[in-house]
Amino acid sequence: MNALYGGNVYCNLPTGYLDDSKFLIVPDSQEVFSHDSLPQNIIFELLEYAESTDGLNPILFHLKDVVGNVEHSVQNFQNILPHQHSISFADDVTYLHARISGTNSLDVHMVLFRMPSFETDFLITLNDHLLLESNQDACFNAWTQYDFLQLIQSIVIRDASFLNGV
């Protein structure tokens with residue numbers, strides 16, 4: 001298990017990761033890991049609890065916040081059931097897969113844990129640059145949707161009191 005947020009959160013990161021905080025400035029509210037040889041990264045973010053705006057599901061609100069007005073299409077959208085994760089105080093857990101079009105096409109996988117008792121949204125994102133599809137050798141080591149969902153299932157919050165300061 002890999003420790004995040006000062007040991008308050010643990011999870012099983014996929015193989016081949018680099019901790020970006022070793023060579024970049026990463027805010028305290030984030031943990032960022034890049035693939036050691038491919039253009040992929042996983043970002044953990046503790047965010048202010050987003051009230052639903054414009055009738056958008058909160059995960060769509062966060063997607064729009066990340067990608068802005070860039071053209072995108074939602075490929076998959078579903079609730080994650082309580083037996084598929086271990087954060088018991090999350091009221092709502094949603095998975096989203098979107099494809100971002102453009103010069104650097106990107107697949108974005110997101111899971112949003114809604115924690116209203118802490119006024120916090122916990123967003124985990126896998127960014128997967130689609131140039132990998134053209135390089136079959138590189139794809140062999142790529143992180144997949146399966147790896148991402150295994151990571152989500154492995155998340156354990158050992159001490160939730162740190163969420164009070166988010």
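Within strand β2, V9 is the bridge partner of L4. Strands β1 and β2 (residues 9–11) run antiparallel and are joined by 3 bridges. Helices (H or I, at least four residues) and strands (E, at least two) are DSSP runs, numbered from the N terminus. Two strands pair if DSSP finds at least two bridges between them. The structure is a predicted model, in which local features need pLDDT of at least 70, side-chain atom pairs count only at pLDDT 80 or more, and totals for chains, interfaces and linings use all residues. Residues are numbered from 1 along each chain as its sequence is written, and side-chain values use heavy atoms, with hydrogens and water left out.

β1 and β2 belong to an open sheet of 3 strands, ordered β1-β2-β10, with antiparallel pairing. Its edge strands are β1 (2–4) and β10 (156–157), each of which pairs on one side only.

The protein as a whole contains 3 helices and 10 strands. Read from the N terminus, the elements follow the order β-β-β-β-β-α-β-β-β-β-α-α-β. Of its 166 residues, 45% count as buried. Buried means under 20% relative accessible area, exposed means over 50%, and partly exposed lies in between (1.4 Å probe, protein chains only). Among contacts with a separation of 6 or more, 56% are between residues 24 or more positions apart. The accessible surface comes to about 8900 Å², and carbon and sulfur atoms make up 48% of that area. Areas were computed by the Shrake-Rupley method with a 1.4 Å probe; for residues, only the protein chains shown count as cover.

A second open sheet has 7 strands in the order β3-β4-β5-β9-β8-β7-β6, and the pairing is antiparallel. β3 (17–19) and β6 (72–79) stand at the edges with a single partner strand each, so one side of each has no neighbour in the sheet. On average, neighbouring strands of this sheet are turned by 20° against each other, direction ignored. Axes are lines fitted to C-alpha atoms, for helices over the stretch in contact, and angles run from 0 to 180 degrees between N-to-C directions.

Strands β4 (residues 30–35) and β5 (residues 40–48) pair antiparallel over 5 bridges. They form a hairpin with 4 residues between them. V32 has I43 of β5 as its bridge partner. β5 also pairs with strand β9 (residues 120–129), antiparallel and over 9 bridges. Here Q40 has D128 of β9 as its bridge partner. Strands β7 (residues 92–100) and β8 (residues 106–115) likewise pair antiparallel over 9 bridges. In this pair, I100 stands opposite L106 of β8. Strands of a sheet pair through backbone hydrogen bonds, either parallel or antiparallel.

Two helices lie across strands of this sheet. Helix α1 (residues 58–67) lies across β5, β6, β7, β8 and β9, and runs at about 135° to β8. Helix α3 (residues 145–154) also lies across β5, β6, β7, β8 and β9, but runs at about 15° to β8. H62 is located in helix α1. H62 counts as buried because its relative accessibility is 4%. Residues up to four places away in sequence aside, H62 touches L47, A50, M110, L112, D121 and L123.

The structure holds 2 salt bridges, a salt bridge being a side-chain nitrogen of Lys or Arg within 4 Å of a carboxyl oxygen of Asp or Glu. One of them involves D121, a contact of H62. D121 forms a salt bridge with R114, and the closest N and O atoms are 2.8 Å apart. D121 is buried, at a relative accessible area of 0%. R114 is also buried, at 6%. The other links the side chains of D107 and R99, at 2.8 Å from N to O. D107 is buried, with a relative accessible area of 7%, whereas R99 is partly exposed at 28% relative accessibility. Side chains of opposite charge can pair when their charged atoms come close.

L18 is partly exposed, with a relative accessible area of 37%.

Conventions:
Contact = heavy atoms within 4.5 Å.
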